[in-house]
Amino acid sequence: MTGLHAAAQAGVSSPAAALAGSPADAGLPAGAPTCAQILAIDAVRGENLVPNEELIGPIDSTDEWIKSRTGITTRARANPEQDVIDLAASAATKVIRRAGLTPDQIDAVILATVTHFYQTPSAAAILAARIGAVGAAAWDISAACAGFCYGIAQADALVRSGAARHVLVIGAEKLSDFIDPADRTISYLLGDGAGGAIVGVGEVQGIGPTVWGTDGTKAELVGQTRGWLEEGSGQPTLIQQGPSVFRWAVTQMPKLAKQAMDAAGIGASDLAAFIPHQANMRIVDQLVKVLRLPDHVVVARDIAETGNTSAASVPLATERLLREGQVRPGGLALWIGFGAGLTYAAQVVRLPASHKRDTNEEHDNNKE
Ligand SMILES: CC(C)(COP(=O)(O)OP(=O)(O)OC[C@H]1O[C@@H](n2cnc3c(N)ncnc32)[C@H](O)[C@@H]1OP(=O)(O)O)[C@@H](O)C(=O)NCCC(=O)NCCS
């Protein structure tokens, strides 16, 4: 399998190399093209696994309806006192440690979220300070359920260009802060959590080209009940036109998946894992069917227990497969994110070469 190597060769050269071509900068070293890899992945889920029975009253639903239509049996919800930055900070600390780094080695912090209550400052700026990465460049991405894959695209480009050596990419959501328990369109799907990756310099390219985009003509399909300044009681909450989003996902995402595999120079049989956004188990099943994934490809089904966690869903699902030993470290995974915007992004990545048990975490837990 050479596709990801080919992607690296076609990649962006470093700024030094670009400048070296001009006479004014003739003294700068030429530099070699840099490769980017996923060095580590880790995640945290909301501590409370809330069963369907606890939510069905206000939406006049049943456990059976939710299970059969969505595949969800529980969703992970955080404690009330935790906010989205708390979740992001826990995941960030774990993934930095897993990569064998210290926070001062992080050059950029990219946080994908739609559940930070402040327009400014960014959640990423606060996150960077919280974890001890003061001085790192830090910014938020608002791309909903595609946010993590957007962040990986940015991190890949930053590392390959030489602008950063280690980029922390976090997808974090406390969606339970944006729920109307009586809303029948989306509230019961949503969970809380944060997952992240360290993208760093590698010997070979481990991130395939990102295929991405948006379709703002469908912006009304997923979003808030109203703007912050519009009249209404309480804060805005989330709402969607579920069946339209469902149809869009099952017709358009298979094309995106194929484009990402083509761009990486691989076929479905080269994959170790298929890890799409965890929006609905029926969407996952339909994608597997249309893509005709071979039996050996492990399919992420984290939604059953965790629910839909928007920007956190792809790294959370990846972390579960690695932690439970369902997928071999170092294998190829296809990541796909899609959601409000409508936004979408997909890339083939090589999973980190190892994913040993975090003994520090065990030690921390034992102390509690
Ligand atoms: C939201 C979603 C689970 C709804 O499932 P669905 O099968 O499309 O359901 P529908 O809205 O077509 O409704 C089917 C029936 O169930 C009823 N229903 C809808 N929501 C219900 C609920 N929460 N509980 C019980 N019944 C419900 C409807 O009234 C309808 O009844 P009818 O047949 O008597 O008219 C599904 O559309 C979905 O997952 N969409 C995509 C979500 C997504 O990817 N979002 C992206 C942002 S992350």
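Colleague: How many helices and strands does the protein have?
Modeller: Twelve helices and 14 strands. Keep in mind that this is a predicted model.

Colleague: How much of the protein counts as buried?
Modeller: 49% of its 368 residues.

Colleague: And what share of the contacts with a separation of 6 or more comes from residues 24 or more positions apart?
Modeller: Those account for 78%.

Colleague: On to the ligand. Which residues come nearest?
Modeller: S61, G242, F246, A279 and N280, out of 21 residues around the ligand.

Colleague: Which elements give two or more residues to that shell?
Modeller: α4, residues 63-70, and α8, residues 242-264. The most come from α8, which gives five.

Colleague: What is the shell like by class?
Modeller: Eleven residues are nonpolar, eight are polar and two are charged.

Colleague: Where does the ligand lie relative to the domains?
Modeller: Between domain 1 (12-205) and domain 2 (211-350), because both give residues to the shell around the ligand.

Colleague: Switching topic: I110. Where is it in the fold?
Modeller: I110 is in strand β4, which covers residues 108-112.

Colleague: Is I110 buried or exposed?
Modeller: Buried. I110 has 30 C-beta neighbours inside 10 Å, and the cut-off for buried is 20 or more, so I110 counts as buried.

Colleague: What does I110 touch, leaving out residues up to four places away in sequence?
Modeller: A124, W139, I141, G151, Q154, A155, V167 and V169.

Methods: Residues are numbered from 1 along each chain as its sequence is written. This is a predicted model: local features need pLDDT of at least 70, side-chain atom pairs count only at pLDDT 80 or more; totals for chains, interfaces and linings use all residues. A residue is near a molecule or strand if its C-beta atom, placed from the backbone, lies within 6 Å of it. Helices (H or I, at least four residues) and strands (E, at least two) are DSSP runs, numbered from the N terminus. Ala, Val, Leu, Ile, Met, Phe, Trp, Tyr, Cys and Pro count as nonpolar, Asp, Glu, Lys and Arg as charged, and the others, Gly among them, as polar. Domain bounds come from an automatic or database domain assignment. A residue is buried if 20 or more other C-beta atoms lie within 10 Å of its own, exposed if 12 or fewer, and partly exposed in between; C-beta atoms are placed from the backbone. Two residues are in contact if their C-beta atoms, placed from the backbone, lie within 7 Å.
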